[in-house]
Amino acid sequence: MNMENLISKKMRIFAERNDWMIRDSYIYGKEQGHLFTGIDGKGIKSFITPVPGILRDQTDELMQLLEKNSSTMRLEGYDITDGFLCIRIKDSTSLKTDDIEFILALLSGILSDLSIVTANRCQECGELGADKETYMYDLFCYMHDDCATKFDENEKGVETADDVNSDDTDNSDVSDPEAEAEEGGALDRNNRQVSTLRKVLFTLAGALIGSIPWLIMPYIMDMVNGLLNSAGSPDWVLNLVRSLITCICAYLISYFAIVGYKLSGAGINKSGRWMIGIISIAFIIIVQFAYLAVLILKEPSVKLTFGNYMTNLVKYNFYRDMLIGAGIGTVFALIAVLPFFDSSKGKTSK
Ligand SMILES: [Zn+2]
């Protein structure tokens, strides 16, 4: 039986060159005091290192630094789950053993820079002074002798009931992004298990709900017009208010798209932001067309027919309003999404 066949040549060479241990489909090793578990996957090489007792601030900074370095480190993703940091490296023929070494050295450096002390920190109780190198769910970590014994006993006790636990996301906290954020790792735990389809559907639903204010804007404007006219406001005030409401409506689409995305249980990462941005802008464009339909519907004397629609669109230059609306909308969609794009800037330069 040759277990080494379970891992790729690249991982085996990496393990051998760095004195890592090969066990089944996993490789285990130590870099600057940090214990690592390497898992070979199709197109992805995952490296998992314990970060027990990591503080909320450290988690935030770590996530920002990983985001900032994600192209250097060829990261497909990263998260902290149950006190373990997992980075997923995109595998391709261009990924050499040297690159893996470089990436792990960089990661170890980042952990040291953030004063995340993981050497001899117990995975079970989070305290220092754990000198036993052991495994928790096949992941390499430190534990106190006592804690390891306690952990093993607990595991034996719940083993039968726990079989489905690994792929059973606790739905009770999925619906509350705030509570997850408090837990730090919980948000990331879900991220890995939330399917792309679910994320897309939730984001679409959010954007759809967020589009409602813009679609009923003709009615809102009627009310606003009435109010402002009775107060004798000049035209420019009306135009200003109108622009302001347009901006708010545009912002709400991407805002609700973000809310929808988060409600799917996923944590926001780079691809998530792209998804939210693209869906928001798509909705903003669709809303421009729907908006004209609403305007026509609102007018009792005009029937909503294709002919009428096109007449308004082309002859009465409504397409100009649509372009302006889409322009404003895109800007605000990006403003809503951009804080996340930008989150790694400023703080991370050393
Ligand atoms: Zn302990």
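Me: In which hand does helix 7 pass helix 10?
Reply: This is a predicted model. Two packed helices are described by the angle between their axes and the distance between the axes. For helix 7 (residues 196-215) and helix 10 (residues 270-298), the axes cross at roughly 35°. The crossing of helix 7 past helix 10 is right-handed.

Me: Which residues of helix 7 make the contact with helix 10?
Reply: The axes of the two helices come within 9 Å. On the helix 10 side, the contact includes Gly-272, Ile-279, Phe-283 and Val-287. From helix 7 come Lys-199, Val-200, Thr-203, Leu-204, Ala-207, Ser-211, Trp-214 and Leu-215.

Me: How far apart are the end C-alpha atoms of helix 9, and what span should its residues give?
Reply: Helix 9 covers residues 235-263, which makes 29 residues. At 1.5 Å a residue, helix 9 should span 42 Å. The distance between its end C-alpha atoms agrees with that, at 41 Å.

Me: Why is strand 8 largely enclosed by the rest of the structure?
Reply: Strand 8 runs over residues 139-143. One side carries Leu-139, Cys-141 and Met-143, the other Phe-140 and Tyr-142, and both faces are covered. Strand 8 is largely enclosed because its buried residues number five of five.

Me: How many residues lie between strand 7 and strand 8 in their hairpin?
Reply: Strand 7 (residues 132-136) pairs with strand 8 in the antiparallel sense, over five bridges. Thr-134 stands opposite Cys-141 in this pairing. In the turn, Tyr-137 has a positive phi of about 50°. The number of residues between the strands is two.

Me: Which residues touch the most other members of the largest nonpolar core?
Reply: In soluble globular proteins, nonpolar side chains tend to be buried together. The largest nonpolar core here has 40 residues. Those touching the most other members are Cys-141 and Met-143.

Me: What share of the protein's residues is buried?
Reply: The protein has 12 helices and eight strands. Its residues number 350. The buried share is 33%.

Definitions and conventions
Residues numbered from 1 in each chain as written. Predicted model: local features only at pLDDT ≥ 70, side-chain atom pairs only at ≥ 80, totals over all residues. Helix = DSSP H or I, 4+ residues; strand = E, 2+ residues; numbered from the N terminus. Buried ≥ 20, exposed ≤ 12 C-beta atoms within 10 Å, placed from the backbone. Pairing = 2+ DSSP bridges. Core = buried A, V, L, I, M, F, W, Y, C linked by C-beta atoms within 7 Å. Expected span 1.5 Å × (residues − 1). Axes fitted to C-alpha atoms, helices over the stretch in contact; angles between N-to-C directions. Left-handed = near helix turned anticlockwise from the far one by under 90°. Contact = placed C-beta atoms within 7 Å.
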